[in-house]
Amino acid sequence: MERRQFLQYAGSSIAAIALVQCTRAAKHQRPSPPLVSVDGALTVDLTATEQTVTLAGRSAQLLTYNGQMPGPLWEVQAGDTLAVNFTNGLTQPTNLHFHGLHIPPTDRADNVFVSVPSGEQFRYEFAIAPTHPGGLFWYHPHHHGLVAAQLAGGLAGPLIVRGAVDAIPEIQAASEEILVLQDFDLTWRGQRREPTPIFRRWGRQGDLITVNGDRAPGLTIPQRGLLRLRLLNASPSRIYRLRLENHPWHLIGMDGSTLAAPLALDDLILAPGNRADVLVAGDREPGAYTLMSLPYDRGISDMMAAMEDDAAPSVDAATGAIAQLQYGDATTEVPLPQTLLTSPELPTPSRRREFVLDHGIDGDQAFLINGRGFAHDRVDTTVQLGTVEEWHIVNKAGMDHPFHLHTNAFQIVRRNGQPVPTPMWQDVVNIPAYESVDLLVPFNDFAGKTVYHCHILDHEDQGMMGIIEMQAASTHRATQQSMI
Ligand SMILES: [Cu+2]
């Protein structure tokens, strides 16, 4: 779609978005109570319902899991079995996606083709391999066409897998906080606002940013110790640019992965679906430090400028506090760890593919991958288990698109053709407007169909998703023989 068409489509209904100034330090709400596995198993009941809850100190009519905002925190060990007795108490169909977990995409595991009708139940059950990476993962709805609205209503919950990273002595000794970042667009009565066409096009954003259902919680940095912050962007569209003002912080992992060594952070960019594992060492002047949310331009400013309207609001230009960090009492000294975990080198990829992200016209063809909008009965990509592929993802559009692949994480090796200094393992990678990334994707286990898509969920709902089928070697041979 040409910019001019887009502007006509947009009309003049753009509302100003002002980030609420979040300077009040509130009593910290953990996403609690944590439900922890016992004897290698965790079985939970989870019900999605619409109800009135307290959000950031006010009443709001939201979509909740078990009446909590965010959903309950689950904690398992690598090697455990997780069973979720899920009830759909919504008035529309939904389902669950276990974002980032390396588990089968089929049957009762991470199967996004399941539809749980209103009023019905479904039992999810799967084993998490003993070799599964430790990390912060999350669960949320993935029913095509309804995903953005259900996430914007609040449906999201954190899931911790304890693994090798948690056995590193300094990390074991760190105090830990989980921060689930969500944003909401509410009326003064606390009702969810229907997004205008421009917001559906851009990806809906709300001006109320919450952390664990609250505003700017107060956290404690143990003096001489370590604070481990585990951040999850559970917003449907918002990309966060976070900065810990006047204090160093170190990234130790992204999504479900751990780095070889801590990496000094400046600004942390978190696209929807991304998680960051960060250490704050309490070795500075004791005092109060603010974790700030800074403006991030997803490509909307070009559009605004093209409107040639001086009165057009500058979108998302405001700044606010995400959390207030305060030094606490001195503890036994815990230094930053020198090394973390190494990941094995990948073999040379056997195949290179290209995925072009672009914009179409309207409806479920508004956002395209390789020129096509999503079709539930079409396999777009077939891969063979036991191979590594290189994926070249090109964003030909004037808006950022964060690319997410289910079941398998990938390593980001190049941006715009240039090798990246620290090739991260992630399951969501943001691709800014007109840029490209190259990913290495290993397909080792788990045959079956799943999806890749843009994690700006309005874009996914409007077509920017494809189906991938992972074939076991024997299936591949059988298919070839049947073709002969
Ligand atoms: Cu997108």
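**Figure 1. Overview of the predicted chain.** This is a predicted model, in which local features need a pLDDT of at least 70 and side-chain atom pairs count only at pLDDT 80 or more, while totals for chains, interfaces and linings use all residues. Residues are numbered from 1 along each chain as its sequence is written, and side-chain values use heavy atoms, with hydrogens and water left out. The chain contains 7 helices and 32 strands; helices (H or I, at least four residues) and strands (E, at least two) are DSSP runs, numbered from the N terminus. Of the 484 residues in the chain, 57% are buried. Buried means under 20% relative accessible area, exposed means over 50%, and partly exposed lies in between (1.4 Å probe, protein chains only). Among contacts between residues at least 6 apart in sequence, 79% join residues at least 24 apart, a contact being heavy atoms within 4.5 Å. The average pLDDT of the chain is 90, and 87% of the residues score at least 70; pLDDT is the predictor's confidence in each residue, from 0 to 100. Residues 1-29 have a pLDDT below 50, although the model gives this stretch 78 contacts beyond near neighbours in sequence. Residues 309-314 also stay under 50 in pLDDT, with 6 contacts beyond four places in sequence. Where pLDDT is low, the predicted coordinates should not be read in detail.

Figure 2. Two strands pair if DSSP finds at least two bridges between them. Strand β2 (residues 41-55) runs antiparallel to β3 and is joined to it by 8 bridges.

**Figure 3. The largest nonpolar core and its surroundings.** A nonpolar core is a set of buried Ala, Val, Leu, Ile, Met, Phe, Trp, Tyr and Cys residues joined through side-chain atoms within 4.5 Å. The largest one has 39 residues, and those with the most contacts inside it are L231, L242, L268, L291 and L325. Strand β18 (residues 275-281) supplies the largest share of this core, 5 residues. Apart from it lies another core, of 29 residues, which includes F199, M399, F403 and I412. Not counting residues up to four places away in sequence, L325 touches several residues, including L219, I221, V280, Y289 and L291. In soluble globular proteins, nonpolar side chains tend to be buried together.

Figure 4. H401 belongs to strand β25 (residues 401-405) and C454 to strand β31 (residues 448-454), so the pair ties together parts that are 53 residues apart in sequence. H401 is buried, at 0% relative accessibility, and C454 is buried too, with a relative accessible area of 2%.

**Figure 5. Strand β25 and its partners.** 5 of the 5 residues of β25 are buried, so this strand is largely enclosed by the rest of the structure. H401, F403 and L405 point one way from β25, whereas P402 and H404 point the other way. Strand β29 (residues 428-431) runs antiparallel to β25 and is joined to it by 4 bridges, with V428 opposite H404. Strand β31 is also antiparallel to β25, with 3 bridges between them, and there the bridge partner of H404 is H453.

**Figure 6. Loop residues P262 and D207.** P262 is found in the loop between β15 (250-254) and β16 (263-264). Residues touched by P262, not counting those up to four places away in sequence, are H250, L251, I252, P337, Q338 and L340. D207 lies in the loop between α4 (197-202) and β11 (208-211) and is partly exposed, at 28% relative accessibility. The C-alpha atoms of D207 and D185 are separated by 6.0 Å, with the two residues 22 apart along the chain.
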